[in-house]
Number of protein chains: 2
Amino acid sequence: LEQGSMRHGQRMINSMHPAEIARLIESLPPAKREIIWEFVEPELEGDVLVELNEEVRSELISGMDAEELIAATEDLEVDDLADLIGDLPETLIERVLQSMDAQDRERLSSILAFEADSAGGLMNLDAVTVRPDVTIEVVLRYLRMRGELPDRTDRLFVVNRHDKYLGGIDITTLLTEDPESTVAELMDSAVEGISPQTPAPEVAKLFENHDLVSAAVVSPEGRLLGRITIDDVVDVIREEAERSVMSMAGLDEEDDMFAGVVTSARRRAIWISANLATAFLAANVVGMFEATIEKVVALAVLMPIVASMGGIAGSQTLILIIRGLVLGQIEQSNARWLLWREIAVGLLNGLVVAGVVGTAAGLWFRAWALGVIVFAALMINLLAAAIAGVGVPLVLKRLGIDPALAGGVTLTTITDVIGFASLLGLGTLFLL
Amino acid sequence: LEQGSMRHGQRMINSMHPAEIARLIESLPPAKREIIWEFVEPELEGDVLVELNEEVRSELISGMDAEELIAATEDLEVDDLADLIGDLPETLIERVLQSMDAQDRERLSSILAFEADSAGGLMNLDAVTVRPDVTIEVVLRYLRMRGELPDRTDRLFVVNRHDKYLGGIDITTLLTEDPESTVAELMDSAVEGISPQTPAPEVAKLFENHDLVSAAVVSPEGRLLGRITIDDVVDVIREEAERSVMSMAGLDEEDDMFAGVVTSARRRAIWISANLATAFLAANVVGMFEATIEKVVALAVLMPIVASMGGIAGSQTLILIIRGLVLGQIEQSNARWLLWREIAVGLLNGLVVAGVVGTAAGLWFRAWALGVIVFAALMINLLAAAIAGVGVPLVLKRLGIDPALAGGVTLTTITDVIGFASLLGLGTLFLL
């Protein structure tokens, strides 16, 4: 019976798509992963490894012996192998390379020459090409002779004798246009090839704006190098989105959700330490006003409100600006417009928030002077929040630092410091 | 000269793809949008409107007269018209419907019957269908007679006489397999149709896991209703990603980045008010310990550190869990495992953070008892942060509230309250 249900599980797993198996494995604690991994058929193993996140992948690879690994990588497409090869043990890379034929080895090295997150790193080498001077009929005969086309082939690429890229011709065009026409007459030469150095997010934007399924990658000299297909672009979009959310908390989207306690703790410690340093900075500002707090304890009670309201309002502006930067919608010319708009919004909402908190503070502590001071401190902090919300991401971007990663910490440090300093400073001036 | 450069600008804009024109218009302040919009050729206007975010779209629509709007919507595909029609003035909807032929009107209402963010709302009605019993040769002749195929047609759908969905056949199969074979012999019947009620994110996962370019939407009775294409799925993925980032700051991804000051201020006020309420809650906790702070002012200085460290550590756990929920990788069975892991990570990092802060506090204020109390308060708060980081999103999800929207506020309220209460509570017990 036990063996029967094992066999059932095995069948179920192997009927899944490699990407689905990968998501399933990632969602299991390490011990159970081994069991599932044992179930996966050898011919699927390579594709599952490609789909796994980096950390889980290396974990599984380290548990496989050389023969298994060679078998798993054997049937992979060259572009998938390029993604995987960096995670293989040194000695094995040598053997994998030797087991490939000369052409594939050359192809592999041509992909590895580009950054993984560039058009060159994303491309497949399975573009089907035709010459411009042949007729559709000849193309149709050639395709039938050639047999099965690569997945997601929606267009053939037109090249001349020297592999120079001339344009593309849709498969559907072959089916609906006059077979006597030549490729040159029907091809679409308006679609420019993508340079292999183009960063992956730019490639994604191109695909999105032009609703592409595949596109040519073309060298600066105009030679067709390969093609990028929408499935890899979808992965780029998904990863980019995940990275921006995860990096807001100093996390890496390639990290294993089920990583061990020590590994996780060590990783997060960096982020926590960075935030600890800024927390000390803010605490230090409070420390400067100890004498004031001792006399007007109410200030210590109101302190967190002033600081956190600045952080909340500032984060709204920050996220709006970061998104605008990602979409390429913010530039010098409209940044100033946005700054004034955010300042106006900040002051308007400031009037309401500061009014409520000021009145509440006045009533709570039966001290109207305190209410006025809280009002003023909140107005100052919401103004600072608007300016920092626009300025911080722009400055970080210019410094080459990812605003999604460092923007939040920088902003809340500013709003904490200014919030504490304005409330306690005004308190020192007018309440003592 | 002025007119010459105007004409140049006009040519440039109309050479862009509708999606690119839409992004450009969104990135401009309202006044400049009008100028660009005037430049856009009438035949592009409809497609640009479809690509714009809701707010900018209604703004432009309100500036167009009835004739312009009718002209703009005339050439739209039915599924795009379905997205747009809700934003048209009532009186105009009537006229648009009248200008359509009976078949298109029926199609439109069949799409409008489904939620916009479901498979039914995403589908196009341009699926090309064939019968199972015909040969490839017949299909090829039919296609050539039919002429141009809809964009992103990578497969034809196989239906019987009663429109019952039987499977799909790849266009590339038509080109490479024996023309004498029948459709039934070569079709892929393993690919199930998508139910029209399937939520858009589920559709996106299907496309991602199976690397699809198009897929059939099939009614519960098995009738082919339409097809979904990858370009619409890419938009779903992008919007979903944007929504989750924006909602963390209580923002809506459909809002106009350049909305007026009053509109923006009013929108953000809701989020700020919710946070203000929680800030008062935290302040109230501090208020309960006024007498303690008056005697040991150092506690007021250290308060923000204890609270913010809990918030930072908790946010890391929170974002990890929210991502796991979105990916469908967290369930009852592994949630408990994750909770213990997060508690262990929290306590491990707690030892370091609490050690550093406790020692620093002891040195700073030359009071070792204070150092020990800060140490203990931080340990308590990091433990609470781990539990809340796992528990809050799970509870919110069960309550039907989006964890990305409400998770952050709820978590930091908990870590603020517990941070303040533990530090000041312990201070009251042991330092007075």
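How many residues of chain B are in contact with chain A, and how many of chain A with chain B?

Reply: In this predicted model, 105 residues of chain B are in contact with 105 residues of chain A. The extent of such a region can also be put as an area: the size of an interface is often given as the accessible area lost when the parts come together. Here chain B and chain A bury about 9900 Å² between them, and 68% of that area lies on carbon and sulfur atoms.

Polar and charged pairs also cross between the chains. There are 34 residue pairs in polar contact between chain B and chain A, counting pairs with both residues at pLDDT 80 or more. On the side of chain B that touches chain A, the largest share comes from helix H18 of chain B (residues 298-326), which supplies 17 residues. Sorted by class, that side of chain B comprises 61 nonpolar, 22 polar and 22 charged residues.

Side chains of opposite charge can pair when their charged atoms come close. One salt bridge joins B:Arg268 to A:Glu342, with the closest N and O atoms 2.7 Å apart.

A:Arg23 pairs with A:Glu26, and their closest N and O atoms are 3.2 Å apart. Both residues belong to helix H2 of chain A (residues 18-26), where they are 3 residues apart, about one turn of the helix. An α-helix has 3.6 residues a turn, so residues three or four places apart point the same way.

Some backbone features of the two chains complete the account. Helix H19 of chain B (residues 332-364) has 33 residues and reaches 46 Å from its first C-alpha to its last, close to the 48 Å expected at 1.5 Å a residue. H19(B) bends by about 25° at B:Gly350, and the helix is followed by B:Arg366, whose phi is positive, near 50°.

Positive phi values also occur at Asp211 in each chain. A:Asp211, although not a glycine, has a positive phi of about 50°; this residue lies in the loop between helix H14 (200-210) and strand E4 (214-218) of chain A. For B:Asp211, phi is likewise positive, near 50°, and B:Asp211 lies in the loop between helix H14 (200-210) and strand E4 (214-218) of chain B.

Key: Residues numbered from 1 in each chain as written. Chains lettered and ligands numbered in written order. Predicted model: local features only at pLDDT ≥ 70, side-chain atom pairs only at ≥ 80, totals over all residues. Heavy atoms only, no water. Helix = DSSP H or I, 4+ residues; strand = E, 2+ residues; numbered from the N terminus. Expected span 1.5 Å × (residues − 1). Bend = angle between axes of the 7 residues up to and from the residue. Contact = heavy atoms within 4.5 Å. Buried area = accessible area lost by both parts, 1.4 Å probe. Salt bridge = Lys/Arg side-chain N within 4 Å of Asp/Glu carboxyl O. Polar contact = N/O pair within 3.5 Å; in protein donor to acceptor, adjacent residues only side chain to side chain. Nonpolar A, V, L, I, M, F, W, Y, C, P; charged D, E, K, R; others polar.
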